[in-house]
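Q: Hi, could you go through this protein with me? I am new to reading structures and would like to take it step by step.

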Amino acid sequence: MTASDGRLVGDLARAIDESDFAWSLVLVGEDQRDKLAALTSDLLNKPSTSGDGKQITSGYAYWGIGPTIAWAHACADPFYLVMKQSLDSFTRRWGRVRGRVGEGFHHVSFGVGTGHKDRLVLEHLLERNPGLLYVPVDMSSEMLRLGTQEATHRVGLRGHRVVPVQLDFSIPDNLAELRELIHRLVGDEPVLYSLLGNTLANFDQDDELLANLTALARPQDLFLLEVATTEAVNDDLAQDAVEEYARSRAYREFVTSALLHNTDLTINVDAVQFRGAVEGDRALKVKVVYQNQTGGDIMMMLPDRNRVPFPDRDTIRLYLTRKYARKALDGIVREAGMRKVTGTHSDFGVPRSSQGFGMDLLLLAPGEPVPAPRADDDVADVIWGN
């Protein structure tokens with residue numbers, strides 16, 4: 001870097017820090033035309049009545065300003081119990097694991113979401129590292145702006161220490177480039193990576209994704225993972241999991257938002273179906289699909305402006321989520337090459353819902369499990385809903 005380059009960087013940092021305008025400086029890692037082509041290709045898949053053909057994969061559910069706003073509205077819906085309870089209890093759960101995060105950590109957040117949880121993490125890390133670098137990573141630039149503004153609101157983090165990165169982190173080649181970027185930015189200083197909000201559950205190959213993300217962690221780094229959990233796995237509980245999502249109209253509007261903004265379909269939220277299943281002994285799986293229930297074939301315009309048939313009874317998978325069996329978590333963590341440093345569980349004992357559903361927050365480190373965890377390394381509490 002030349003001297004003039006250094007001055008330019010310094011001038012840019014000062015301009016961002018000293019302005020009261022909401023500047024958002026984002027590193028765009030992907031050609032958005034390629035993302036649009038991939039979405040179009042997924043909507044050309046074979047017909048299926050079971051949600052195994054046409055699909056909108058995880059990142060595209062939040063891609064664009066419409067889906068971003070719909071997601072924010074869903075998160076504020078008191079009937080979307082999974083999200084409400086996750087947000088309400090995070091302060092308590094984070095408070096019980098944060099003591100194991102030492103000094104000098106930077107923060108890389110995969111899937112920034114609404115930014116509320118990242119703000120709590122940043123407040124703690126900033127107390128121990130005033131020079132913290134915050135790198136939120138998301139496929140959606142709009143989600144990055146929404147979540148980053150909330151995460152950094154009044155936490156005292158200077159604007160030039162926030163480096164949002166637009167990137168699909170489910171692609172291994174992208175992670176290789178991100179690793180290089182992070183290591184250049186922080187050197188040998190430790191990083192706290194995070195994947196919160198049960199984001200892991202939204203991916204078909206969730207085990208592969210977790211292994212790829214945790215592979216970024218060096219011996220000095222830590223990884224914060226949050227997942228929705230269940231004490232047992234059976235067909236009845238899979239149906240209970242379905243009901244948690246199906247009761248929220250705002251959630252239905254969110255999952256159909258990507259379809260609304262990328263096709264010319266007239267959306268009927270009553271055509272959204274929630275299908276529960278048991279995924280071996282590791283999880284309850286909920287598949288959210290949109291089905292053509294008009295009684296006949298209809299034509300659908302895709303993002304490339306081509307019109308294709310959407311046959312009667314055909315489906316488009318809109319979303320995928322899971323509740324992981326708590327007894328399977330150790331194996332999931334171990335298969336990713338990590339060990340649990342500490343963890344906490346919140347049991348959502350909602351009277352009209354199923355007993356045994358909750359959220360687990362795990363602090364992980366690279367390497368094999370330690371044989372004897374401390375007595376306070378795995379704590380639990382009960383959060384009662386309304």
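What follows is a conversation about the domains of this chain and the contacts between them.

Q: Before anything else, what kind of model is this?
A: This is a predicted model.

Q: Okay, and which residues does UniProt list for the methyltransferase domain?
A: In an unreviewed entry, UniProt lists residues 54-341 under "domain: Histidine-specific methyltransferase SAM-dependent". In the model, that span is 38% helix and 24% strand, and its end C-alpha atoms lie 40 Å apart.

Q: Which domains does the domain assignment give?
A: The domain assignment of the protein chain gives domain 1, made of 35-57 and 233-323, and domain 2, made of 63-232 and 325-366. Taken over C-alpha atoms, the centres of domain 1 and domain 2 are separated by 25 Å, and the contact takes 32 residues from domain 1 and 35 residues from domain 2.

Q: How much area do they bury between them?
A: Domain 1 and domain 2 bury about 2,800 Å² between them, with 56% of that on carbon and sulfur atoms.

Q: And how many salt bridges are there between the two?
A: The count between domain 1 and domain 2 is four salt bridges, and, across the interface of the two domains, 13 residue pairs are found in polar contact.

Q: Which elements supply the side of domain 1 that touches domain 2?
A: At least two residues each come from α2 (32-42), α9 (235-246), α10 (249-262), β9 (283-291) and β12 (315-325). Among these, α10 gives the most to that side, with nine residues, and the residues of the side as a whole divide into 14 nonpolar, seven polar and eleven charged.

Q: Changing topic, how many salt bridges does a search of the whole structure find?
A: That search finds 22 salt bridges.

Terms used: Residues numbered from 1 in each chain as written. Predicted model: local features only at pLDDT ≥ 70, side-chain atom pairs only at ≥ 80, totals over all residues. Heavy atoms only, no water. UniProt positions renumbered as here; feature names shortened; annotations may be inferred. Helix = DSSP H or I, 4+ residues; strand = E, 2+ residues; numbered from the N terminus. Domains from an automatic or database assignment. Contact = heavy atoms within 4.5 Å. Buried area = accessible area lost by both parts, 1.4 Å probe. Salt bridge = Lys/Arg side-chain N within 4 Å of Asp/Glu carboxyl O. Polar contact = N/O pair within 3.5 Å; in protein donor to acceptor, adjacent residues only side chain to side chain. Nonpolar A, V, L, I, M, F, W, Y, C, P; charged D, E, K, R; others polar.
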